[in-house]
Amino acid sequence: MTTNTVSKEVYDHGMALDPESKRVQCNYCGKVVEGFEQLQFHLGGVRGHGKGCRDVPIDVKGLFSNGIGEVKVGNPGKVVWEMNGSDTSLRRGSPSNLKEDSDKRIRTENPQNGLQRYGKAAVANYVFRGGVAESSSNGFVRSVLGDSGEGQSSSVPLVKKSIGRFFFENGIDFSSAESSSFRKMIEVAFAGREVRQHIPSIRELKGLILDHELYEMNKYVHDIKKSWPSTGCSILLDGWKDGVGRELMNIIVDCPRGPVYLRSVDVSAIAADIEGLEALLGGVIEEVGVHNVVQAVSHVASECMDNVGKRLMERYRSLFWSVSATHCVVLMLEKVGTLNSVSRVMAKAKTITKFIYSRAAVFALMRNYINGDDLVKSSTIKAAMPYLTLEAMLMEKRSLEAMFASHLWSSSQWASEAEGKAVATLVDDKSFWNELTSVVKATIPLVRVLSLVNKDGMPYTGFIYETMDQVKETISQELGMKKWQYMPYWSIIDDVWNNVLHSPLHAAGYFLNPSFYYTEDFYSDSEVAGGLLITIVRLVEDQVSQDLVSQQIDFYRDRKGPFKRQNESRKRNTVHPAEWWSEFGGHCPNLQKLAVRILSQTCNGAESYGLKRNLAEKLFTSGRNLVEQQRLTDLAFVHYNLQLRHFKQAAKFEIVSGEIDPTDDWIVDESYQQFRAACQNDVVRRNPEGVGLSSIQGSLTGDGPSTARPKVESA
């Protein structure tokens with residue numbers, strides 16, 4: 001180690017043993033001194049300040065004996081923690097571990113049963129309960145909150161805490177905190193003032209700052225958990241296969257107060273095991289509380305998961321099983337894409353977009369004609385992208401026609417080539433535009449459903465039933481009520497609705513939604529009545545309560561008593577149905593409780609929150625010791641819950657995303673790419689020195705000097 005690599009900051013050479021840093025332990029000899037200033041003298045062996053460190057490296061000693069080292073303003077407050085390794089129930093993983101009694105202390109056992117963090121040995125397995133941790137090695141109890149139970153953030157400066165939260169939420173590598181560009185960014189934010197004391201070290205990010213954020217997140221989760229008994233909650237699943245073939249799953253608990261990340265699971269060993277998946281999800285349901293869970297929402301429609309759902313519904317009388325509405329609409333769009341009339345239009349449309357996007361000069365010309373916008377639309381939901389692109393093409397029909405009829409086009413090299421002529425002819429083909437118009441009219445209503453069910457992050461169970469009916473009606477009207485045109489689309493929608501998406505909860509939500517029920521258009525058929533009855537039987541425990549709910553439904557149905565006045569109120573159309581029942585349903589308490597629990601549920605799966613999966617995948621990478629594994633588990637808990645918390649606050653879903661995948665098959669013209677590569681290879685073969693290569697490549701791609709010349713008209 002040289003003085004060029006030794007940290008000048010004394011905080012990196014010792015560990016605070018209390019929040020105020022009054023007692024600090026040397027990283028090298030383990031001696032405890034009074035504060036970081038005294039540690040500086042201890043490391044440097046300065047006379048008159050006690051005995052110097054006997055184990056300090058020579059370069060470190062020279063650094064502090066010469067007064068080069070620094071004691072920064074502020075206090076990192078690195079607290080020594082102990083993990084009780086013998087009792088996994090005390091770990092952060094379960095929200096139920098948080099207790100309301102903030103004075104309750106953790107009873108740790110023999111130190112040999114746990115892991116301790118002293119000096120250089122960093123242990124990231126932290127036990128939290130009421131904000132107090134106890135070290136069994138010396139009996140010293142150190143509270144993160146202090147004596148008052150408040151001020152958790154007092155030992156971490158606000159700037160450091162904010163920077164740490166930024167790193168945690170966005171999954172940024174902690175080493176970035178030491179990069180020069182990051183420090184420069186902070187300096188700019190502080191108007192050039194000295195900022196080193198405000199930038200957390202990697203050690204602080206892994207230690208105290210993560211501890212603080214973990215504690216705060218546990219409190220946040222605990223507050224949300226308090227609402228589960230009244231509103232109920234949904235277990236949301238998000239599964240995928242990673243790059244090395246592992247089957248992974250994120251589990252989220254959702255309720256009106258906000259979604260909560262519970263954990264990530266590697267289900268590779270039980271991916272096709274119905275009993276294994278039932279046991280896993282059954283454990284999750286019991287952990288959250290059988291009386292709290294109204295439904296579990298699967299991320300996928302498969303025979304295996306369908307059987308798992310049936311077994312869980314048999315096992316838990318009050319549970320419903322459904323499949324994510326977003327996933328079901330995606331299934332509908334994918335099946336629509338296989339219709340001959342739709343696939344034919346898509347193939348022709350791709351011919352146009354590939355030609356334009358694969359040639360820089362043509363792309364630039366297109367941008368001029370459509371005001372700098374893009375013809376190909378990217379989407380947060382991949383299945384919607386083709387239909388959004390078709391819609392964009394239809395909206396830019398006149399611009400495209402004008403472009404291919406322009407002098408700039410006709411005088412370009414592409415206008416005289418076979419591909420260019422074919423694309424220009426297609427753009428001028430009225431039958432193509434007629435077919436494209438029909439496809440857009442039939443599919444965009446389905447795409448809009450994706451926006452509706454993800455809108456504002458609000459529960460949509462009370463709306464999905466009517467929404468799907470309205471989609472079918474809209475499609476038939478858009479296609480001129482011609483049965484031969486709209487029936488293929490209706491058949492696909494009905495197939496997915498009847499066999500995958502529909503749940504009795506949706507029918508009950510439709511019935512109990514006052515914005516639908518108190519209208520002339522409300523229609524209750526056997527499906528609605530049956531769904532309401534099934535929901536009552538499953539969610540209401542005893543026969544007496546079921547009879548009371550039935551009696552109170554008569555008041556709601558016949559608009560008796562207070563329901564008559566509330567029917568005249570406009571609030572039924574301006575507030576969420578669950579809020580409406582909370583405010584106006586008090587005279588029918590049994591029905592009110594049932595309605596609130598039903599209408600508070602989502603109909604979407606966990607994928608709607610768009611959580612990045614890389615950190616979850618990292619959790620299951622082997623080769624990490626238990627200490628680092630628990631630290632990564634804590635980081636994942638903080639990371640995902642910060643994202644979910646801010647997703648709820650932002651609460652705005654945009655189906656059209658700004659970034660287009662450059663490898664998408666609506667953009668990449670493989671035949672042209674192969675032709676261009678062959679030409680470039682031929683140029684390199686004939687011109688190994690590379691003379692004039694850039695201008696030749698530019699003429700091929702349209703990036704270099706234009707070689708287009710006006711056509712010479714024959715006499």
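Reader: Is the crossing of α12 and α14 left-handed or right-handed?

Author: The general idea is this: a crossing is left-handed if the near helix is turned anticlockwise from the far one by less than a right angle, and right-handed if clockwise. Here α12 and α14 cross in the right-handed sense. A caution on the source: this is a predicted model, where local features need pLDDT of at least 70, side-chain atom pairs count only at pLDDT 80 or more, and totals for chains, interfaces and linings use all residues. Residues are numbered from 1 along each chain as its sequence is written, and side-chain values use heavy atoms, with hydrogens and water left out.

Reader: At what angle do the axes of α12 and α14 cross?

Author: Axes are lines fitted to C-alpha atoms, for helices over the stretch in contact, and angles run from 0 to 180 degrees between N-to-C directions. Helices (H or I, at least four residues) and strands (E, at least two) are DSSP runs, numbered from the N terminus. For α12 (residues 360–369) and α14 (residues 397–404), the angle is roughly 130°, and the axes come within 9 Å. Angles under 35 degrees count as roughly parallel, over 145 as roughly antiparallel, 65 to 115 as roughly perpendicular and the rest as oblique. So α12 and α14 are oblique to each other.

Reader: Which residues make the contact of α12 and α14?

Author: Contact means heavy atoms within 4.5 Å. On α12 they are Val362, Leu365, Met366 and Tyr369; on α14, Ser399, Leu400, Ala402 and Met403. Now sort them by class. Ala, Val, Leu, Ile, Met, Phe, Trp, Tyr, Cys and Pro count as nonpolar, Asp, Glu, Lys and Arg as charged, and the others, Gly among them, as polar. This contact has seven nonpolar residues, one polar and no charged.

Reader: How are α17 and α19 oriented to each other?

Author: Read the angle again. Helix α17 (residues 430–453) packs on helix α19 (residues 483–501) at about 25°, with the axes 11 Å apart. The two are therefore roughly parallel. Their crossing is right-handed. From α17, Ser438, Val439, Ala442, Thr443 and Leu446 meet Gln485, Tyr489 and Ile493 of α19. That contact holds five nonpolar residues, three polar and no charged.

Reader: Does Ile209 count as buried or exposed?

Author: Buried means under 20% relative accessible area, exposed over 50%, partly exposed in between (1.4 Å probe, protein chains only). Ile209 has 3% relative accessibility, so Ile209 is buried. Ile209 sits in helix α6 (residues 208–225). The C-alpha atom of Ile209 is 7.8 Å from that of Lys160, 49 residues apart along the chain.

Reader: What does Ala301 touch?

Author: Leave out residues up to four places away in sequence, and Ala301 touches Val323, His327, Leu331 and Val500. Ala301 lies in the loop between β11 (293–298) and α9 (303–315). Its relative accessibility is 34%, so Ala301 is partly exposed.

Reader: How many helices and strands does the chain have?

Author: The chain has 30 helices and 14 strands. Of its 715 residues, 50% are buried.
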